[in-house]
Amino acid sequence: MSQKTRWSQFAVLITVFFFWGFVAASNDILIPVFKNAFHLTQAQSQYVALAFYVAYTVGSLFYFFTSKLIGADVLNRIGYKNGISLGLLISAVGTLLFYPAANLGSFGLMLSGLFIVGLGFSLQQIAANPLAIVMGDPATGAQRLTLAGGINNFGTTIGPLLVSFAIFGSVASGNTEASIESVKTPYLVLGGVFVLVALLLKFSPLPNRIDLDALAADEAQDSSKLIQKRSAFSYPQLVLGMIAIFLYVGVEVSTIANLPAYLELPVEQGGLGLEVSMIAPFVSLYWASLMIGRWSGAAGAFDVGNNVKRWLTLLLPYIAFGLFLAVNAIAKHEISQFYGYAGVIVLMILATLASKGNPARMLLYFALCGITALLVGMFTSGMTSVIAFISVGLFCSTMWPCVFTLAITGLGRNTNQGSSLLIMMIMGGGVVSFAQGLLADRIGIHYSFIVGVLCFAYLAFYALRTVGILKKQGIDLDRLTAQGGH
């Protein structure tokens, strides 16, 4: 049954998506800072990503086994809204550790703080992602999650800039040396904001309950083929989707986590020879690329005609790109070097239009584009290579909602369990980053991006395989997508 998106409630929900992005992207500024301050190898510098993303696994496992222990789903017991608020308070505790960590100059304590922040984020993600999908027509659930991801990437766009400013000051100051002491202030402020948003959500009209069995019935064209199993592991779309989430987050995070080291390489070795203090706009563009792609992919979430949706698909990514240019201009970074990126965005728009809103088709097209981008980056040098690596952000942009939607489609009452298992696999961001760091120490940073090519190859396979799996369960993705049209 078609239903309108509850925009007032959705607007409250997407505030947490912003913070996930802000913190995740800010980590990419911390990596080169900690590498220099604590004299780390490239692999050791990836402990930042490892600590943050493995926390998602620990949090999700705790959720999974707690639900088993009490014989009921945790979120169904405490409520979705309450779960998100609790997750924000846990993350706030993690930010407090940055104060003693900075005073003591302790890398281990810094990592502990990031781990606790990620622990809180895991509970928020388990609750917020299914909420975003069900707050309207199931046929536009993936696009709604894409829209939420676009807000997430507004956070990833400004996060590196603000944290870089807090650590180095303005570009005009010419400061290139990082102070560990200066790291604590932005994270303490962030902790205070987490507490305020937790209170806002607690007293907001956001729903605390979801009718998951009704959701599964809405998704299916032939409800007689629906399978209702006791365990989420009985659904092949979920099991294969767990690997897909692991590798998707892996390639997204490892590409940007290792890019600063490539940017610092001397020109004669293929890099740009940049100081650490000059890396922020490149990190910002990578994460802005995810915002650009998600704003384009989110056009289908709006309750407007198909012609208007097509125009939004064309216009929204360039509005997002303009936002990136504006915030970097305000930060006094040189933006003319990025003007040519407008041409790369055209390729992403074409892939989006060709997918016609089908999450499996979009995942396939974007995976193939991602493979191409990484290969171009590996076999060129200088700004061409850098732009190719950064464009991976464009082609990762809609993968999270595509994989997440495909993996939990048809799970019914097992949706929350499936969601927690998918969130658990976010650890791929840390594991794959660390693996690429190890490879970079052996063969050099330039060719270490082959790790990402392998990740994209599996994602293309998952896109093709899941279509057949869902059809056996009475779910036709093309028909489901078509139901979202007007």
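**Helix packing and burial in a predicted model**

User: At what angle do helix 5 (residues 80-96) and helix 9 (residues 184-202) pack, and how far apart are their axes?

Analyst: In this predicted model, the axes of helix 5 and helix 9 lie 8 Å apart, and the packing angle is about 165°.

User: What makes the relation of helix 5 to helix 9 roughly parallel or roughly antiparallel?

Analyst: Angles over 145 degrees count as roughly antiparallel. The value here is about 165°, and helix 5 is therefore roughly antiparallel to helix 9. The crossing of these two helices is left-handed.

User: Which residues of helix 5 and helix 9 meet?

Analyst: Helix 5 contributes Lys81, Asn82, Ile84, Ser85, Leu88, Leu89, Ser91, Ala92, Thr95 and Leu96. From helix 9 come Tyr187, Leu188, Gly191, Phe194, Val195, Val197, Ala198, Leu201 and Lys202. Sorted by class, the contact of helix 5 with helix 9 holds twelve nonpolar, five polar and two charged residues.

User: How do you know whether helix 11 and helix 18 are roughly parallel or roughly antiparallel to each other?

Analyst: The axes of helix 11 (residues 236-264) and helix 18 (residues 399-408) cross at roughly 165° and come within 8 Å. With the boundary for roughly antiparallel set at angles over 145 degrees, helix 11 and helix 18 are therefore roughly antiparallel to each other. Helix 11 passes helix 18 in a left-handed crossing. On the helix 11 side the contact is made by Gln237, Leu238, Gly241, Ala244, Ile245, Tyr248 and Val249. On the helix 18 side it is made by Met399, Trp400, Val403, Phe404, Leu406 and Ala407. By class, this contact of helix 11 with helix 18 has eleven nonpolar, two polar and no charged residues.

User: What makes Cys396 and Cys455 buried or exposed?

Analyst: The limit for buried is under 20% relative accessible area. Cys396 has 0% relative accessibility and so counts as buried. Cys455, with a relative accessible area of 4%, is buried as well.

User: How do you know whether Lys332 is buried or exposed?

Analyst: The relative accessible area of Lys332 is 59%, and the threshold for exposed is over 50%; Lys332 is therefore exposed. This residue is found in the loop between helix 13 (306-330) and helix 14 (341-355). Phi of Lys332 is near 65°, a positive value in a residue other than glycine.

User: Why is Asn208 called partly exposed?

Analyst: Its relative accessible area is 22%, and partly exposed covers values between the buried limit of 20% and the exposed limit of 50%. Asn208 is found in the loop between helix 9 and helix 10 (212-219). Although Asn208 and Lys81 are 127 residues apart in sequence, their C-alpha atoms are 5.1 Å apart in space. Leaving aside neighbours within four places in sequence, Asn208 is in contact with Ile78, Gly79, Tyr80, Lys81 and Asn82.

User: What makes Gln436 buried or exposed?

Analyst: Gln436 has a relative accessible area of 1%. Buried means under 20%, so Gln436 is buried. Gln436 is placed in helix 20 (residues 428-443). Gln436 and Asn258 are 178 residues apart in sequence and 7.7 Å apart in space, C-alpha to C-alpha. Not counting residues up to four places away in sequence, Gln436 touches Ser254, Thr255, Asn258, Ser448, Phe449 and Val451.

User: How many helices and strands are in the chain, and what share of its residues is buried?

Analyst: The chain has 22 helices and zero strands. Of its 486 residues, 61% are buried.

Definitions and conventions:
Residues are numbered from 1 along each chain as its sequence is written. This is a predicted model: local features need pLDDT of at least 70, side-chain atom pairs count only at pLDDT 80 or more; totals for chains, interfaces and linings use all residues. Side-chain values use heavy atoms; hydrogens and water are left out. Axes are lines fitted to C-alpha atoms, for helices over the stretch in contact, and angles run from 0 to 180 degrees between N-to-C directions. Helices (H or I, at least four residues) and strands (E, at least two) are DSSP runs, numbered from the N terminus. Angles under 35 degrees count as roughly parallel, over 145 as roughly antiparallel, 65 to 115 as roughly perpendicular and the rest as oblique. A crossing is left-handed if the near helix is turned anticlockwise from the far one by less than a right angle, and right-handed if clockwise. Contact means heavy atoms within 4.5 Å. Ala, Val, Leu, Ile, Met, Phe, Trp, Tyr, Cys and Pro count as nonpolar, Asp, Glu, Lys and Arg as charged, and the others, Gly among them, as polar. Buried means under 20% relative accessible area, exposed over 50%, partly exposed in between (1.4 Å probe, protein chains only).
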